[in-house]
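This report concerns the structure displayed below.

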Amino acid sequence: MLPVQPAKPVVQRPVVRPVTAEEVPDGPPCPACGTPNAPDRRFCRRCAARLSSFRRRVRNGSDGRWLRRGILLLFVVALLVTGFLLLPAGRYVFEDVRDKLGGTAAVSPTEVTASAQTPGHPASAATDGLTDAYWGAPALDASLTCDFGEPFRLVGIVVHTGSSPEPEAFRSTARPVRAELRVTTADNEVDTRTVTFNDKPGEQEVRMGISDVVSVQLILRDAAGPVGEQPIALGEIEFFKRS
């Protein structure tokens, strides 16, 4: 009897399972090959390219666009503001706002002259700080001129009409009720305005808002009281600049 050979082991064949169709992920495409990938993947499922850098570039690119747009917008606004300030109306509004927000300080003229004055009531009495001393004009159309050494922004004028702040003394003399203001600037331009005063004692404020003022002339145009019998009395005139 022949010897029995040992049996050879039989390798088990792999079981072939049916392959389902691959679903296409709904996510951003790969920057290298364009293959869609799941949102949580860091590397492309096809070419293994890094995906996070692509998302970072997208965000940075978006931020850059907004930054450029912001800079462009600021540039346009700056051009509009500059153009607005270059226009006369724009400059006037700008200076007017500064006048309202800023403080004021009194400024004294370096020289005061009058076209006419009555004895004992010189032009200098209108700027001496005393309301019971006055410039006496002998008639209407007389003028008082105040000159200044340095140009300044004239924001307002305060006027005291009459010979005294006391009511009885105030009514005893003639007093201006209407005057013409001629304001001269450093470039020799003249701003002319008509002002009306209340016929009562006390200070009366006249708002101005004129830059680079070097001279102010006040011309008496109308008066109340005994005009022709008594001098037209201007007790005090004060000038204020922006501080």
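Predicted model: local features only at pLDDT ≥ 70, side-chain atom pairs only at ≥ 80, totals over all residues.

## Nonpolar core

The largest nonpolar core contains 32 residues. Within this core, Trp135, Leu144, Leu154, Ile157, Val216 and Phe239 touch the most other members. At least two core residues are supplied by each of five elements: strand E3 (135-137), strand E4 (143-161), strand E5 (175-185), strand E7 (203-224) and strand E8 (232-242). E7 provides the largest share, with 8 residues.

The surroundings of Ile157 can be listed in detail. Leaving aside residues up to four places away in sequence, Ile157 touches Leu181, Gln204, Glu205, Val206, Met208, Val216, Ile237, Glu238 and Phe239. Two of these contacts, Val216 and Phe239, are also among the core residues that touch the most other members.

## Strand pairing

E7 pairs with E4 and also with E5. E4 and E7 run antiparallel and are joined by 12 bridges. In this pairing, Gly156 stands opposite Arg207 in E7.

E5 and E7 likewise run antiparallel, with 10 bridges between them. Here Glu180 stands opposite Ile219 in E7. In a regular strand, side chains alternate between the two faces of the sheet.

## Salt bridges across the chain

Side chains of opposite charge can pair when their charged atoms come close. The structure holds 5 salt bridges, and three of them are described here. Asp141 forms a salt bridge with Arg221, with 2.8 Å between the closest N and O atoms. This pair links distant parts of the chain, since Asp141 belongs to the loop between E3 and E4 while Arg221 lies in strand E7, 80 residues apart. Arg221 is partly exposed, its relative accessible area being 24%.

Asp199 forms a salt bridge with Arg175, the closest N and O atoms again being 2.8 Å apart. Distant parts of the chain are linked by this pair too: Asp199 is in the loop between strand E6 (190-196) and E7, and Arg175 is in strand E5, 24 residues apart. Asp199 counts as partly exposed at 38% relative accessibility, whereas Arg175 is buried, with a relative accessible area of 8%.

Which residue forms a salt bridge with Glu180? The partner is Arg182, and the closest N and O atoms are 2.6 Å apart. Glu180 is buried because its relative accessible area is 14%, below the 20% limit for that class. Arg182, at 32% relative accessibility, counts as partly exposed. Salt bridges that share partners join Asp141, Glu180, Arg182 and Arg221 into one network.

Where does Asp141 lie? Asp141 is placed in the loop between E3 and E4. Not counting residues up to four places away in sequence, Asp141 touches Ile219, Leu220 and Arg221. Of these, Ile219 is the residue in E7 that Glu180 stands opposite.

The side chains of Asp141 and Arg221 are also joined by a polar contact of 2.8 Å. A separation of 9.4 Å lies between the C-alpha atoms of Asp141 and Leu218, which are 77 residues apart along the chain.

Notes. Residues numbered from 1 in each chain as written. Heavy atoms only, no water. Core = buried A, V, L, I, M, F, W, Y, C linked by side-chain atoms within 4.5 Å. Buried < 20%, exposed > 50% of the residue type's maximum accessible area, 1.4 Å probe, protein only. Helix = DSSP H or I, 4+ residues; strand = E, 2+ residues; numbered from the N terminus. Contact = heavy atoms within 4.5 Å. Pairing = 2+ DSSP bridges. Salt bridge = Lys/Arg side-chain N within 4 Å of Asp/Glu carboxyl O. Polar contact = N/O pair within 3.5 Å; in protein donor to acceptor, adjacent residues only side chain to side chain.
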